[in-house]
Amino acid sequence: MRSTGSADEAWYDDDAGPVARPYTMTGGRTAPTGDKFDLISLVVARRGVTPPTPLFPEQARIVELCHDPVSVAEVGAELDLPLGTVRVLLGDLLTAGLIETHDPPMLSEMPNEDLLKAILVGLRAL
């Protein structure tokens, strides 16, 4: 964006990234309150729950994203925020009762070679 000198114009462009630093979104906190969030943990918004206080835009976006179960890693990618920041925001939403988390089912045995090959093929296709 080019500036013509007007004080009302923004000094940044789309390539500048977020205007607020991630630590300002979390109040300087670097660890979530309560639960730790694995990258593959699934997060889902609780239906019909009203936030006790107004949400920050990033928190509102997380709740919107989580109408269907989504992994912590996907939330971070969608918001384009560091995972530490996403985990703190998720912890706040969990404490407020706006989301719930579900651990993925654990494999009872080691995956076989065919499954690992299929996963590798799928990753390469991305």
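A residue is called buried here when its relative accessible area is under 20%, exposed when that area is over 50%, and partly exposed in between, as found with a 1.4 Å probe and protein chains only. By that definition, buried residues make up 24% of the 126 residues in the chain. The structure is a predicted model, in which local features need pLDDT of at least 70 and side-chain atom pairs count only at pLDDT 80 or more, while totals for chains, interfaces and linings use all residues. Residues are numbered from 1 along each chain as its sequence is written, and side-chain values use heavy atoms, with hydrogens and water left out.

The chain has five helices and three strands. These elements are DSSP runs numbered from the N terminus, helices being H or I runs of at least four residues and strands being E runs of at least two. Along the sequence they follow the pattern α-β-α-β-α-α-β-α. Contact is taken as heavy atoms within 4.5 Å. Of the contacts in the chain with a separation of 6 or more, 69% are between residues 24 or more positions apart.

Two strands are said to pair if DSSP finds at least two bridges between them. Strands of a sheet pair through backbone hydrogen bonds, in either a parallel or an antiparallel way.

Leu 42 stands opposite Ser 71 in strand 2. Ser 71 is buried, with a relative accessible area of 11%. Apart from neighbours within four places in sequence, Ser 71 is in contact with Leu 39, Ile 40, Ser 41 and Leu 42.

Helix 4 has 13 residues and spans 18 Å from its first C-alpha to its last, close to the 18 Å expected at 1.5 Å a residue; the expected span is 1.5 Å times one less than the number of residues. Its buried residues are Thr 85, Val 86, Val 88, Leu 89, Leu 90, Gly 91, Asp 92 and Leu 93. Just after helix 4, Gly 97 takes a positive phi of about 80 degrees.

Helix 2 (residues 57-65) has Gln 59, Ile 62 and Val 63 as its buried residues. Viewed down the axis of helix 2, these residues fall within an arc of 95 degrees, so they line one face of the helix; the arc is that of the directions from the helix axis to the C-beta atoms. They pack against strand 1, helix 3 (72-79) and helix 4.

A nonpolar core is a set of buried Ala, Val, Leu, Ile, Met, Phe, Trp, Tyr and Cys residues joined through side-chain atoms within 4.5 Å. The largest such core has 17 residues, of which Val 43, Ile 62, Cys 66, Val 75, Leu 90 and Leu 93 touch the most other members. Strand 1, helix 2, helix 3 and helix 4 are the elements that give two or more residues to this core, and helix 4 gives the most, with four residues. Val 75 touches Ile 62, Cys 66, Val 70 and Val 86, not counting residues up to four places away in sequence.

Two aspartates in loops complete the tour. Asp 80 lies in the loop between helix 3 and helix 4 and is exposed, with a relative accessible area of 65%. The phi of Asp 80 is near 55 degrees, a positive value in a residue other than glycine. Asp 38 lies in the loop between helix 1 (22-25) and strand 1 and is partly exposed, with a relative accessible area of 49%. Leaving aside neighbours within four places in sequence, Asp 38 is in contact with Val 72 and Arg 87.
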